[in-house]
Amino acid sequence: MIKGFFREYAGILGGLLILCLVSSFLSEYFWSVNNVTNIVLQTSIVAIVAFGMTYAILLAGIDLSVGSIVALTGLVLVIGLTNGLPFSLMLPIALLVAVFCGFSNGLITTWLGVHPFIVTMSFMGIWRGVAMLTSDGQAVSLYDNAPFEYIFNGYLFGIPFPIIILLSMIALNHFVLSKTTFGRRVYIVGGNPEAAAYSGINVSKTTIYSYMITGLMAGVGGVMLASRMFSAQPTAANGMELDAIAACVLGGTSLTGGRGTIIGTLIGALIIAVLSNVMSLMNVDFFVSLIVKGVVILIAVGIDVYKNKRKAA
Amino acid sequence: MIKGFFREYAGILGGLLILCLVSSFLSEYFWSVNNVTNIVLQTSIVAIVAFGMTYAILLAGIDLSVGSIVALTGLVLVIGLTNGLPFSLMLPIALLVAVFCGFSNGLITTWLGVHPFIVTMSFMGIWRGVAMLTSDGQAVSLYDNAPFEYIFNGYLFGIPFPIIILLSMIALNHFVLSKTTFGRRVYIVGGNPEAAAYSGINVSKTTIYSYMITGLMAGVGGVMLASRMFSAQPTAANGMELDAIAACVLGGTSLTGGRGTIIGTLIGALIIAVLSNVMSLMNVDFFVSLIVKGVVILIAVGIDVYKNKRKAA
Amino acid sequence: MSKVLLETVGLCKHFGDNKAVDGLSIKFRAGKVHTILGENGCGKSTTLKMLAGVHAPTFGSVLRNGKNVEFKSPRDSRDNGIAIIFQELSLCNNLTVAENIFANNEPHRFGVIDSKKILSDAEAILNKYHIPISAEIKVGSLSMAQRQLVEIAKGLSYPSDVVIFDEPTSSLSDSEVEILFNIISELKSENKSIIYVSHKMAEIMRISDEITVMRDGQYIDTVNKEETSIDPLITMMVGREMNDIYPSKNESVSEIGDLALSVKSLTNPNAFHNVSFDLHAGEVVGFFGLVGAGRSDVMNALFGMLPYEGEIIIKGKKVTIETPIIAIKNGIAFVTENRKEEGLVLDHSVHINCNLASFERIATRGLINEQAEVSQTEESIKRMNIRVQNRLQSVGSLSGGNQQKIVLAKWLERQPDILILDEPTRGVDVGAKYEIYSIIRELTEKGTAVILVSSELPEVMNMSDRLFVMREKKLVKEFKTKGLTQDQVMVYATGVDSND
Amino acid sequence: KDEPVVCASLLTQSHPFYIALGNGLKEGAKLQHINLKVSVANQDLAKQINDIEDCITKNVDAIVISPVDSKGIRGPLKKAERANIPVITVDIGAENSKIVSHIATDNYGGGAVAGKLAVKQLGGKGQVVMLSYPGISSVEARLQGFRDAVADTDIKIVAVQPGKTREESMTSTINMLQANPETDLIFAFGDDMMIGAGLAVTKQKSKAVVIGFDGMPEGIKAVDENDHIIGVVKQDADAMGKTAMKVVADYLNGKEVKSEYPIVPVLYTGK
Ligand SMILES: Nc1ncnc2c1ncn2[C@@H]1O[C@H](COP(=O)(O)OP(=O)(O)OP(=O)(O)O)[C@@H](O)[C@H]1O
Ligand SMILES: Nc1ncnc2c1ncn2[C@@H]1O[C@H](COP(=O)(O)OP(=O)(O)OP(=O)(O)O)[C@@H](O)[C@H]1O
Ligand SMILES: [Mg+2]
Ligand SMILES: [Mg+2]
């Protein structure tokens with residue numbers, strides 16, 4: 001089991017470890033408890049959004065609208081709360097909005113039969129516009145709502161609550177993808193949609209459900225982000241889709257569908273987070289950091305390819 | 001010939017015409033010579049970049065780095081010129097830089113054998129970072145260079161020079177894709193790379209050349225943009241890749257490769273340009289315009305799908 | 001007469017103007033093997049797809065146990081006890097054999113998959129039908145033949161009393177065919193109705209009880225096997241008389257020519273060892289072996305798609321073939337065994353595909369020569385009798401046999417010196433086979449050297465001058481085909497008599 | 001004694017004003033013998049929060065910040081407060097957080113200055129179009145200041161379109177001039193937008209004049225050289241940066257500092 005785990009993720013895990021090793025030489029602060037916690041906290045939102053993205057990519061699709069869904073979900077939640085509605089009501093409503101956004105992506109994709117790139121790209125604009133309209137372009141803040149604050153700033157058994165959320169999302173999505181019939185269908189549809197249809201799988205339904213999960217995960221991310229910032233902003237998470245996609249791909253999820261895991265995506269997200277963190281600790285120039293990030297992603301993907309080739313040979 | 005043309009582009013051309021018709025009701029200024037010229041000028045840069053993107057998408061690839069290449073090319077040109085180097089030297093150098101960027105995309109993609117999405121995404125960051133570093137994040141302006149100014153602001157036989165460039169790029173790329181063996185290779189490799197290899201086509205070379213053309217077209221766009229703005233900015237053309245991709249897809253280029261034309265892309269680009277123009281003329285709220293743009297793209301793609309289905313049945 | 005389990009009444013399927021199936025009425029009975037026979041593109045697969053719920057009929061109806069049924073999806077058909085093994089493989093390469101067998105049919109509790117049960121059930125099925133494949137291996141690492149067996153196991157994994165096979169043997173070699181026929185007799189003894197489609201006449205005569213012949217989408221006749229034989233069936237099928245399955249060699253030009261190709265101890269550690277042979281102009285050399293013997297890998301190496309050690313000498317010159325481009329430059333053409341993935345661009349037109357390998361040569365200074373291409377396409381269509389509506393039709397919408405002819409056509413314009421054919425008649429009807437054989441004869445008469453890789457022993461024996469047998473990635477024997485018997489060859493192919 | 005280490009988190013590094021502000025901070029740091037580390041949020045609040053958290057990890061002596069969002073920055077500033085790290089805001093303030101001092105241009109006031117120039121230029125009557133950056137609060141404040149300053153006159157604001165970059169400003173302005181040929185004046189919230197609008201006016205041969213904001217060297221040059229650009233509200237980024245570092249040094253040396261240092265924008269109308 002554990003051996004299998006290391007074999008499966010050897011390349012990418014190696015990449016992460018090397019990165020951590022290099023980082024610990026580069027910055028004395030790197031291994032401090034405080035900093036490690038920070039890294040996990042900083043990555044938690046992107047990682048959860050990337051878990052959702054994993055479904056879309058497993059289907060050989062993509063979801064460019066997750067950043068907009070993150071923003072919209074946060075706004076719906078915060079606006080509801082500032083208007084005095086209870087958290088227990090607004091949380092489900094906000095998540096439902098996120099699921100609905102995902103549903104739209106899935107529905108239009110299967111209905112029109114066009115590539116999700118163009119559908120989710122359109123919705124990226126649409127949901128962003130809706131978010132902007134909802135708050136008239138303004139950020140909406142909220143300070144005195146205990147459960148809302150707790151989401152990203154609370155502790156459970158001494159562990160930061162967002163880490164608890166992250167762990168549950170890992171468990172949940174890993175379980176769904178690897179243990180359930182639905183997860184299996186996602187892999188089959190992504191691996192060979194025609195074969196899936198011949199096997200009697202309802203491809204449309206599987207696709208729509210998957211995008212709904214992608215939406216839901218973006219929604220969870222949106223709630224966490226809003227809590228983290230004590231406010232919701234219509235411009236939040238702009239470009240987060242690219243980080244989420246990078247996490248998936250670094251983690252070995254194939255853009256041609258049918259291959260990838262949640263654990264892989266998690267490791268991918270951690271690589272990006274560690275990289276940003278150490279560059280920030282070292283105060284690397286922003287422009288340089290853009291270049292370094294690109295180069296490191298290329299190297300990481302390259303290592304993975306090389307490893308797979310060697311394994312195949 | 002002409003009949004075939006209309007048959008082939010019926011759906012998308014219909015969409016453009018409907019849009020123009022609606023626009024002429026919505027705004028009295030729409031059909032003025034001045035405005036129509038403006039639309040063509042406004043779209044010329046995106047359209048040319050989208051022509052380059054068409055090659056990448058025909059190969060079932062994508063190029064997310066074009067926006068960054070646009071910015072970098074413009075900067076290289078303008079910085080060279082402000083340092084007193086002659087235009088006749090700097091223009092080729094700038095375009096070579098663009099071709100080199102495209103070459104990197106193509107080389108790494110074929111060499112690593114990974115999806116161009118992730119490669120060009122990395123380079124998007126890298127070239128943007130390089131552009132930022134080159135000018136330290138500053139815009140560089142240039143007012144007194146005649147040939148530089150001429151590019152976007154000159155006239156030839158009474159026609160704005162950028163329109164001449166646009167027309168030549170249409171002709172050139174249309175010719176390359178439909179009349180040359182290289183173009184044929186692009187379609188075959190995009191349709192089935194394995195079959196292409198077994199038919200004696202050098203898939204890697206075709207891919208690399210294609211991305212070089214994508215880069216070159218982005219470079220041409222970059223030169224035009226710099227001339228238009230009398231300056232180069234490291235942040236220019238941020239997000240232009242999405243507009244270019246949208247133009248391709250609206251124009252019927254399939255994201256799964258092997259299908260699409262330059263004329264289609266041109267019409268796609270015009271649809272986006274007309275849409276932006278008329279919303280701007282009507283002073284539509286920015287937030288609303290995001291939504292409208294997304295919805296119209298979905299509708300246009302939908303019409304195209306519907307038409308193709310009817311043709312097939 | 002046994003009970004009718006499934007019946008079609010006036011079944012039609014039209015794709016636009018193309019009447020793929022046009023008024024088909026057949027009764028399928030319990031405990032019988034019912035074969036549907038017809039030329040490529042006559043509508044067999046389309047018929048089966050309607051029975052499997054993949055296509056909805058344009059007109060007509062399907063009766064299940066006498067009752068009208070409408071299948072809206074493959075699931076409906078499956079729930080009605082119809083199992084189908086498709087011509088196109090419907091497996092996922094990233095999943096294991098067991099996972100593929102139970103795709104969308106996983107044993108589960110509240111949606112949670114029981115992985116252990118999948119494995120044990122899959123092993124049970126594989127064992128029951130004597131299929132020698134591990135259930136835990138990923139399908140992507142299996143050969144085509146093994147995948148076909150997995151496909152069969154998958155079809156048999158849920159309860160059914162009608163089992164449909166669409167050309168199950170086209171990628172199987174004899175040993176696997178035996179496995180399949182055992183499965184079929186097992187099913188028969190369970191009183192199931194079997195619907196069978198194949199182009200291999202001998203096989204059809206061996207296992208069928210009833211045979212329905214189709215032509216151009218239309219029903220011709222249904223006959224009992226006992227009351228017929230191969231020749232009248234072929235006549236019924238092609239609509240004219242055919243005298244011989246294999247065109248005879250023109251003995252007047254039987255002189256074999258110069259040495260065209262000489263291969264010396266070709267080795268790829270992972271794929272084949274120490275392969276040496278000669279090939280002369282005007283000669284057909286057959287390669288026979290069981291599935292996985294390594295024939296295709298050798299051919300891939302000759303064509304620059306697989307690295308090798310050893311020497312390749314073409315027309316007396318040593319060449320290093322690293323890429324297909326070099327191979328083609330040296331006059332080699334290669335029709336691969338996997339036309340869909342390696343031979344054609346399915347989305348593109350017949351026109352583009354016919355010129356796939358020659359458009360550069362016809363071109364002048366890098367410019368496409370449209371006119372020459374059109375005439376070359378038209379000629380290919382005529383010469384090879386390819387059934388298409390027009391040259392702009394997409395290849396993906398053609399029947400398998402017609403696709404195969406296009407793969408062949410794409411090479412002929414280049415007039416190769418050495419033509420490698422890997423399973424060129426797989427899934428091709430007798431009429432078209434004859435046409436392909438005739439083309440081989442025609443080419444050799446003009447001096448082309450041909451390598452014919454095939455798993456059909458009669459085919460290699462009748463068509464080749466010499467025959468090489470491969471076993472376990474080695475060349476084990478060379479024969480002259482004159483006077484050779486099938487048994488002699490099989491001894492070497494199977495290695496039963498390995499002390500020779 | 002070691003130099004004190006100070007983190008500065010800037011909104012962006014690709015906008016002339018922030019480049020100048022960054023340079024001002026760096027020069028100020030040199031003068032005050034402070035070891036300054038600058039990070040750039042690239043207008044992404046999440047990134048800025050990460051940067052601040054990383055600074056707190058390093059236990060720096062002070063934090064200088066121009067928040068991406070005044071409200072959303074509260075979380076990390078709370079952490080800074082708990083870690084006893086003083087925070088100074090520049091250009092953009094922070095709400096609901098404990099701040100040592102705030103050094104900024106009065107954006108609303110600057111907008112009003114531009115509005116008054118417009119009233120004077122047009123004689124209290126005419127059509128105005130504006131460029132905006134939807135969702136950015138400092139920009140909204142400038143536009144609001146302008147609006148309020150022309151509220152009681154016959155000046156009408158006939159169109160507002162986004163102009164987030166120089167190229168978008170140019171395109172938007174061309175389109176707005178097309179739809180409103182009678183436009184008399186354009187208010188642009190930044191130098192880039194002013195320059196883009198200036199190019200558009202020339203292109204469209206419009207009679208409109210442009211008023212801008214920021215007044216960085218390129219903007220000043222544009223006012224000098226382009227007859228259509230009549231003035232720019234000039235922020236003193238350099239002074240802002242230097243003042244900020246002075247305040248930090250004073251605070252760390254135990255001197256008293258004021259809670260606000262307004263940097264008054266001045267109007268520049270050419271040589
Ligand atoms: N999806 C489709 N769209 C359009 N035409 C189709 C489609 N599928 C099949 N056809 C056409 O229907 C006809 C019958 O094809 P079908 O695949 O049923 O032939 P077949 O008898 O199975 O041939 P083969 O022996 O080569 O497998 C052919 O002319 C084919 O071109
Ligand atoms: N029994 C087997 N076990 C494992 N791998 C096999 C087996 N049979 C075939 N293969 C795979 O097929 C390859 C060799 O088969 P190749 O295709 O060259 O043989 P062939 O004689 O042409 O048979 P085929 O009819 O399957 O094409 C091997 O590289 C291997 O990957
Ligand atoms: Mg068939
Ligand atoms: Mg083979």
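Strands here are DSSP runs of E at least two residues long, numbered from the N terminus, and two of them pair if DSSP finds at least two bridges between them. The model is a predicted one, in which local features need pLDDT of at least 70, side-chain atom pairs count only at pLDDT 80 or more, and totals for chains, interfaces and linings use all residues. Residues are numbered from 1 along each chain as its sequence is written, chains are lettered from A and ligands numbered from 1 in the order in which they are written, and side-chain values use heavy atoms, with hydrogens and water left out.

Strand β1 (residues 4-15) and strand β2 (residues 18-29) of chain C run antiparallel to each other, paired over nine bridges. Two residues sit between the strands of this hairpin, and C:G16 takes a positive phi near 60 degrees there. Across the pair, C:E7 stands opposite C:K27 in β2(C).

Zooming out, chain C splits into domain 1 (4-241) and domain 2 (258-494), with bounds that come from an automatic or database domain assignment. Their C-alpha centres are 29 Å apart. Contact, meaning heavy atoms within 4.5 Å, links 24 residues of domain 1 of chain C with 20 residues of domain 2 of chain C. Buried area is the accessible area (1.4 Å probe) that two parts lose on being put together, summed over both; for these two domains it comes to about 1800 Å², 51% of it on carbon and sulfur atoms.

As for the chains, five pairs touch, and chains A and B make the most contacts among them. Here 40 residues of chain A meet 43 residues of chain B, burying about 3300 Å² between the chains, 89% of it on carbon and sulfur atoms. On the chain A side, A:F117, A:F287 and A:L298 lose the most area to chain B, together 19% of what that side buries. Chains C and D, by contrast, do not touch, and their nearest C-alpha atoms are 37 Å apart.

Notes: Helices (H or I, at least four residues) and strands (E, at least two) are DSSP runs, numbered from the N terminus.
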